[in-house]
Amino acid sequence: MTILSWKPEYSVGDAEIDDQHQQLFLLVNTLHAAVLGNFSRQRVLEILSDLVQHTEYHFHTEEVKMSEIGYTDLCTHRDQHHNLLRRLKEIETLYFSSDLTLGGELFTFIVGDLLLNHMLHSDKKYAPLINTSRSVAEWTSNER
Ligand SMILES: [Fe+2]
Ligand SMILES: [Fe+2]
């Protein structure tokens, strides 16, 4: 059972970002399946760790792209990334340093706040600018 399924309307119109979002979906589904399937604690923590690393890498990719296109809300977006990543790392530390098992609250945060809310609201705001700057770049190179 997948907890998250990709839909075309989630696209921000940038292949690299869409690909990274889909990888995050895949990792969350893998983590969810591992918890439901009673995989070993070590395996669950490995997947959680992968999710933290991919999230950090993805946020960095977005921030570089937003900086390149001169996105005016970059500071606010970066703050959101910082807060989401801090919460995710706190969860990771908590599960690594205790014998707690991953539960519904964690998935509510990961699926709700980290992925869907942020991706559908904040990430969607920079999407038109990425597409505009790409169109201008293509138009400029075609003019040469
Ligand atoms: Fe994103
Ligand atoms: Fe973002």
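Reader: Where does E9 sit relative to α1?

Author: E9 is in the segment before α1. Keep in mind that this is a predicted model.

Reader: And is E9 buried or exposed?

Author: E9 counts as exposed, because it has 7 C-beta neighbours inside 10 Å.

Reader: What's the C-alpha separation between E9 and N83?

Author: Those two C-alpha atoms are 25 Å apart, and along the chain E9 and N83 are separated by 74 residues.

Reader: OK, zooming out. How many helices and strands does the protein have?

Author: Four helices and zero strands. Reading from the N terminus, the order is α-α-α-α. The C-alpha trace spans about 60 × 30 × 20 Å along its principal axes.

Reader: How much of the protein counts as buried?

Author: 15% of the 144 residues. As for contacts between residues at least 6 apart in sequence, 69% of them join residues at least 24 apart.

Reader: Let's talk about α2 and α3. At what angle do their axes cross?

Author: Roughly 170°, with the axes coming within 10 Å. Angles over 145 degrees count as roughly antiparallel, so that is how α2 and α3 run relative to each other.

Reader: Which residues make that contact?

Author: From α2 (residues 41–68), the list includes L45, L48, V52, F59 and M66. On the α3 side (residues 74–96), L74, H77, L85, L88 and Y95 are among them.

Reader: How do the contact residues divide into nonpolar, polar and charged?

Author: 10 are nonpolar, five are polar and five are charged. Among the residues of the contact are E56 and E63 of α2, and R78 and K89 of α3.

Reader: What about the helices themselves, how far does each one reach?

Author: α2 has 28 residues and covers 41 Å from first C-alpha to last, close to the expected 40 Å. α3, with 23 residues, reaches 32 Å, close to the expected 33 Å.

Reader: Which residues of α2 are buried?

Author: L48, L51, T55, H58, E62 and M66. In α3, the buried ones are L84, L88 and I91.

Reader: Which residues form the largest nonpolar core?

Author: There are eight of them: F25, L27, V28, L31, L48, L51, I110 and L115. At least two residues come from each of α1 (15–36), α2 and α4 (104–143).

Reader: Which helix gives the most to this core?

Author: α1 does, with four residues.

Reader: And L115, what is it in contact with beyond its neighbours within four places in sequence?

Author: L4, L24, V28 and I110. There's also a second, separate core of five residues, and V12, M66, Y126 and I130 are among its members.

Reader: Where is N38?

Author: In the loop between α1 and α2.

Reader: And why does N38 count as exposed?

Author: Because N38 has 9 C-beta neighbours inside 10 Å, and 12 or fewer is the cut-off for exposed.

Conventions
Residues are numbered from 1 along each chain as its sequence is written. Chains are lettered from A and ligands numbered from 1 in the order in which they are written. This is a predicted model: local features need pLDDT of at least 70, side-chain atom pairs count only at pLDDT 80 or more; totals for chains, interfaces and linings use all residues. Axes are lines fitted to C-alpha atoms, for helices over the stretch in contact, and angles run from 0 to 180 degrees between N-to-C directions. Angles under 35 degrees count as roughly parallel, over 145 as roughly antiparallel, 65 to 115 as roughly perpendicular and the rest as oblique. Two residues are in contact if their C-beta atoms, placed from the backbone, lie within 7 Å. Ala, Val, Leu, Ile, Met, Phe, Trp, Tyr, Cys and Pro count as nonpolar, Asp, Glu, Lys and Arg as charged, and the others, Gly among them, as polar. The expected span of a helix is 1.5 Å times one less than its number of residues. A residue is buried if 20 or more other C-beta atoms lie within 10 Å of its own, exposed if 12 or fewer, and partly exposed in between; C-beta atoms are placed from the backbone. A nonpolar core is a set of buried Ala, Val, Leu, Ile, Met, Phe, Trp, Tyr and Cys residues joined through C-beta atoms within 7 Å.
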